[in-house]
Amino acid sequence: MTELSDSGQQSADLQRDALLGAGFDARHLFEDHASGAKDDRSGLIQALAFVLPSDLLVVWKLDRLGRSPPHLLKIVNALKEKK
């Protein structure tokens, strides 16, 4: 379920609150406020650069990571290359 703000914009509050409630460090949460359909997402770029082979990348829902199967596959393959 996507939460909408008073202006009708999508909000990451539900995702952020769930991750923080599960004990995730807020310094390790990466967010984007632009369309997920774009490859140019600074939060995603930062997350992919930050993640190490021993890390676990948690995504609220797969549609938050990639908006299309080819885009999602590209990201998963990039993660596989990093092991």
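This is a predicted model: local features need pLDDT of at least 70, side-chain atom pairs count only at pLDDT 80 or more; totals for chains, interfaces and linings use all residues.
Which residue forms a salt bridge with Asp25?

Residues are numbered from 1 along each chain as its sequence is written, and side-chain values use heavy atoms, with hydrogens and water left out.

**View 1. Asp25 and Arg27 form a salt bridge.** The partner is Arg27, and the closest N and O atoms of the pair are 2.5 Å apart. A salt bridge here is a side-chain nitrogen of Lys or Arg within 4 Å of a carboxyl oxygen of Asp or Glu. Asp25 is partly exposed at 28% relative accessible area, whereas Arg27 is exposed at 64%. (Buried means under 20% relative accessible area, exposed over 50%, and partly exposed in between, with a 1.4 Å probe and protein chains only.)

**View 2. Glu31 pairs with Arg16 in a salt bridge.** Their closest N and O atoms are 2.8 Å apart. Glu31 sits in the loop between helix H1 (13-21) and helix H2 (42-50) and Arg16 in helix H1, so the pair ties together parts 15 residues apart in sequence. Helices (H or I, at least four residues) are DSSP runs, numbered from the N terminus, as are strands (E, at least two). Arg16 is partly exposed at 24%, and Glu31 is partly exposed at 28%. A network of salt bridges links Asp13, Arg16 and Glu31.

**View 3. Asp63 meets Lys61 in a salt bridge.** The N to O distance is 3.9 Å. Asp63 is partly exposed, at 32%, and Lys61 is partly exposed, at 32%. The structure holds four salt bridges.
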